[in-house]
Amino acid sequence: MAVSIRMEVNGQQMSGETEPRMLLVHYLREKLMLTGAHVACESSMCGACTVLVDGKAVKSCTMFAVQADGSKVTTVEGLKQNGAYHPVQEGFWEEHGLQCGFCTPGMILAAVDLLQNNPNPSDEEIKHGLEGNLCRCTGYQHIVNAVRSAAKKMQR
Amino acid sequence: MIATPNKVGQPIKRKEDPRFITGKGRFTDDIKLPGMLHMAVLRSDRAHARIRKIDTRKAEAIPGVVKVLIGKDIVGAIPPLPCAAKNAEGNHWLAGVPMNVPDYTALATDKVGFVGHNIAVVVANDPYTAQDALDAIKVDFEDLPVVMDPVKAAQPGSPVIHEQFGNNLVFNVPGGPSPEAIAATEEALKNAQHRAHIEIDNQRLIPMAMEPRAAVADWDVGRENLTVYTSTQIPHWVRTFLGLMLGIAEHRIRVVAPDVGGGFGSKLNVYPEEYLVVHCSRLLGRPVKWTNRRREEFTNTIHGRGQVQHIDIGFNSDGTWTAMKAKLYLDLGAYMMALTPGIATFTVVMMTGCYKPKAYCFEQVGVFTNKMATDAYRGAGRPEATFIAEKVMDTIAATLKMDPTEVRRKNYLTEFPATPPTGLVYDSGDYNKAMDKAKQVVGYDALRREQQQARAQGRLMGIGVCSYVELCGVGPSFLAPPGVGFWESCTVRVEPTGLVTVLTGISPHGQGEETTFAQIVSDQLGVPMENVRVVHSDTDAVPYGNGTYGSRGIAMGGQAMMMSIDKVKDKAKQLGAHMLDAQKESMTFDRGDIYVTSNPQRKVTLGQVAMAAYDFSWKGPGTAPPGVEPGLEATSRFEPSNLTFPFGTHICVVDVDKETGEVAIKRYVAVDDCGTIINPLIVDGQVHGGIAQGLAQSLYEDAVYDADGQLVTGELLEYAVPKSSMVPHYETHHTVTPSPVNSLGAKGIGEAGTIGSTAAIFNAVMDALAPLGIKHIDMPLKPEKVWRAIQKAKSA
């Protein structure tokens with residue numbers, strides 16, 4: 001039995017039908033064609049599916065689409081504004097914060113959330129702030145550099 | 001060597017990144033084709049059982065289910081998977097001994113051999129329905145005795161997994177490398193002033209690339225062509241094996257590895273699901289997608305390591321290592337994937353490390369266990385080898401109360417090319433230089449003094465050293481398993497507009513060759529990096545190539561590109577000479593300018609030459625350059641004369657908490673020598689990620705099966721992949737000793753971090769625990785194990 005839902009995704013009103021059991025990440029990927037959020041564990045352990053729901057980082061693999069009804073959702077596709085990269089995106093690019101790129105969208109959104117709550121984090125705070133997101137390629141040091149660099153840019 | 005570096009050597013940000021940071025990467029699971037169906041696989045929840053009956057009727061009745069297949073449905077359509085390590089005579093391709101390889105079919109028929117073994121596939125209109133249908137399949141099992149411990153499994157009297165072989169031995173190399181070597185080693189052990197016996201359990205690991213394996217098969221009914229998108233490191237090998245196995249003409253198959261979310265060796269096989277998804281697409285005439293779920297990924301994607309190592313060494317009172325005898329029990333799993341039986345060969349040829357013991361011999365016992373197969377995982381046999389050599393060094397140091405760095409120096413190979421007793425020839429190296437730098441950066445002598453004070457205060461501080469040498473740039477084709485080569489290909493094409501297209505046979509999936517290759521081309525041909533496009537991983541676009549693994553991207557793929565660049569330059573000189581009415585021999589090619597050497601004012605640009613090469617309209621009949629074909633491109637294939645041998649020294653400083661057994665890494669210094677560095681940012685990234693994976697083995701990760709054969713660490717909740725808060729700050733440094741094997745001088749850096757860090761961290765913890773008399777704890781050094789060892793030592 002399909003259910004009607006409505007949400008604001010990356011600033012645009014979206015409405016559609018979904019099975020009640022459909023996960024938010026599948027709704028975003030399959031119905032809205034926003035494939036930046038990746039499915040890698042389906043248990044909220046890895047964070048590759050992280051999106052912002054009403055401004056907060058959420059693992060979209062352990063949330064039903066119907067639970068996001070009426071919410072504002074931001075995916076990595078919505079971060080670039082007026083053709084300009086978000087400072088966190090810039091940071092990841094400049095500091096080589098990614099290799100295979102699979103964890104990157106989730107990692108970037110987790111970092112955006114982190115910097116909203118703590119605009120000037122120490123390296124240790126960045127490491128603890130991102131521990132819900134796994135990366136198998138970078139060993140995290142360049143990710144920490146990326147977030148630190150973004151924090152500096154955002155304070156200017 | 002590159003003459004006047006400009007882009008090469010610079011920390012240039014990557015060309016591939018914009019698509020990833022905006023969520024526009026294109027991974028296999030992102031692909032949607034019209035009319036696409038979804039395949040899911042039923043996996044065994046038993047480790048060893050006979051299949052009595054499979055009832056699929058309920059599954060087939062679910063609306064939206066299109067097809068259900070079990071083992072008997074694919075007999076004749078998908079032959080048993082090939083074990084590439086077995087040659088035409090049925091022998092191990094490198095060791096030459098006979099091998100027992102059971103039929104491994106894409107779906108089990110009469111019995112299952114490990115948790116995760118494929119039993120059935122469902123194809124449905126959507127993935128949720130496919131999962132529902134899996135739940136509706138009923139399998140009636142008859143459980144069989146489970147065989148888990150490789151050492152016990154190798155003994156007579158153990159229950160046998162594959163009855164037809166009579167025992168659990170895949171193969172046995174009882175006397176390597178030769179009878180003479182064994183006799184010499186026994187003699188040297190007898191004559192040594194000191195002897196020691198070491199036992200190491202180099203535990204099984206799970207590669208855990210972030211992107212689970214996935215594939216989309218699209219059988220074009222009208223053209224009878226097949227396109228396969230698959231998360232792989234080896235698109236051309238996938239194409240060849242799909243063709244051979246499924247009876248599809250290879251030239252009708254296009255394999256694309258789109259963006260691939262990490263591999264680490266785990267995507268260096270053609271897996272059962274890749275055959276199954278193609279079979280289903282062909283059967284149903286529609287595109288079919290399959291994506292592994294994480295829980296499945298843990299049980300059915302190859303594991304790594306899994307060696308029990310029994311080592312006897314001899315050494316003299318001055319610290320000279322004289323002899324080593326090793327017996328390796330290999331925990332290979334129930335069925336053989338492509339290289340499963342071959343990985344330990346890289347251990348036995350590298351386990352004397354940077355050193356020169358005169359006498360060396362080994363025994364390899366490959367053993368069946370009711371587990372997933374092991375195969376190549378980052379380092380593939382060399383982390384296991386380095387761990388032995390570095391354990392040997394620290395054992396000698398501890399016995400003789402020598403400094404571990406001095407024992408290493410005492411035993412280093414110093415003349416290059418070097419000839420260790422294993423028969424390899426190390427291309428180039430300077431082990432003392434890397435050691436000097438590591439000691440200087442970390443402040444070694446001061447640290448040892450600090451350690452003395454710490455010990456006086458009862459604190460457990462440890463300093464761990466690892467000097468490694470590994471083999472990369474894989475590698476001469478005689479090392480490759482039957483049916484494939486280890487050479488590499490590249491086409492370099494200057495388009496009419498002067499833009500450059502590079503078509504490479506390697507298949508990067510995070511290593512950044514879209515950038516590093518463009519850096520090299522930019523320097524060599526004098527075009528801006530943005531004018532260089534590197535195409536890879538599409539078998540319809542690029543020449544046959546052998547993929548990415550074994551740290552071969554630059555050393556192999558880069559060298560094939562250099563050969564093509566040289567040919568393009570040569571042709572550009574020929575065309576330029578014709579355009580300027582000069583002789584080719586009198587021309588110079590310098591960064592995109594082609595001029596008469598004696599008069600640089602007489603010049604044409606690469607852009608002008610490129611346009612002339614394509615429009616090819618000269619002044620009239622007979623005025624075209626003689627013997628020159630239109631166009632400006634070249635294809636080359638590089639077959640190296642040898643492997644490359646990167647090396648380095650890592651030093652790690654730890655504190656161990658006496659009360660909790662927790663290990664805290666205070667400093668981590670890595671000095672790596674990968675020859676010429678193309679992009680230091682990317683090299684550091686490779687080293688960091690490598691260290692994190694070695695650290696994972698030392699401290700956290702362990703593929704634990706229980707006595708019933710269940711994978712206890714079958715989810716990310718239990719399998720301890722390091723998080724950002726669990727890694728130290730890495731201090732990375734380099735020495736540069738170019739390799740003579742390729743003109744770039746590059747050695748490779750993909751696996752070095754993992755190879756150096758595992759032993760460095762382990763040795764640091766053991767050094768911390770040394771005052772308590774603790775000599776060895778098997779990895780991973782989790783707080784509980786360390787705490788128990790401390791308690792045991794205290795009560796002793």
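Is E495(B) buried or exposed? E495(B) is buried, with a relative accessible area of 19%; buried means under 20% relative accessible area, exposed over 50%, and partly exposed in between (1.4 Å probe, protein chains only).

## Basis of the model

This is a predicted model, in which local features need pLDDT of at least 70 and side-chain atom pairs count only at pLDDT 80 or more, while totals for chains, interfaces and linings use all residues. Residues are numbered from 1 along each chain as its sequence is written, chains are lettered from A and ligands numbered from 1 in the order in which they are written, and side-chain values use heavy atoms, with hydrogens and water left out.

## Two glutamates in loops

E495(B) lies in the loop that joins β17 (488-494) to β18 (500-504) of chain B. Helices (H or I, at least four residues) and strands (E, at least two) are DSSP runs, numbered from the N terminus. The side chain of E495(B) forms a polar contact with the side chain of R493(B) at 2.9 Å. A polar contact is a pair of N or O atoms within 3.5 Å; within protein, one must be able to donate a hydrogen and the other to accept it, and residues adjacent in sequence count only if both atoms are side-chain atoms. Leaving aside residues up to four places away in sequence, E495(B) touches T501(B), A610(B) and Y614(B), where contact means heavy atoms within 4.5 Å.

E585(B) belongs to the loop between α15 (553-579) and β20 (587-590) of chain B. E585(B) is exposed, with a relative accessible area of 67%.

## Helix α13 of chain B

Helix α13 (residues 444-456) of chain B contains 13 residues, and the distance from its first C-alpha to its last is 18 Å, close to the 18 Å expected at 1.5 Å a residue. The expected span is 1.5 Å times one less than the number of residues. Y444(B), L447(B), R448(B), Q451(B) and A454(B) are buried in α13(B). They lie on the same side of α13(B) because they cover an arc of only 115° around the axis, the arc being that of the directions from the helix axis to the C-beta atoms. In general, an α-helix has 3.6 residues a turn, so residues three or four places apart point the same way.

The buried residues of α13(B) pack against several elements of chain B, including α11 (404-411), β16 (460-469) and α18 (752-769). On the face turned away from the buried side, α13(B) carries the exposed residues R449(B), Q452(B), Q453(B) and A456(B). After α13(B) comes G458(B), whose phi is positive, near 85°.

## Two open sheets of chain B

An open sheet of five strands in chain B has the order β7-β15-β14-β13-β8, with mixed pairing. Its edge strands are β7 (169-176) and β8 (194-205) of chain B, each pairing on one side only. Two strands pair if DSSP finds at least two bridges between them. Nine bridges link β13 (residues 304-315) and β14 (residues 321-333) of chain B in the antiparallel sense, and D312(B) has K325(B) in β14(B) as its bridge partner.

Another open sheet of chain B has three strands in the order β4-β2-β6, with antiparallel pairing. Here the edge strands are β4 (111-112) and β6 (138-143) of chain B. Strand β2 (residues 49-55) of chain B is joined to β6(B) by six bridges, and I54(B) has V139(B) in β6(B) as its bridge partner.
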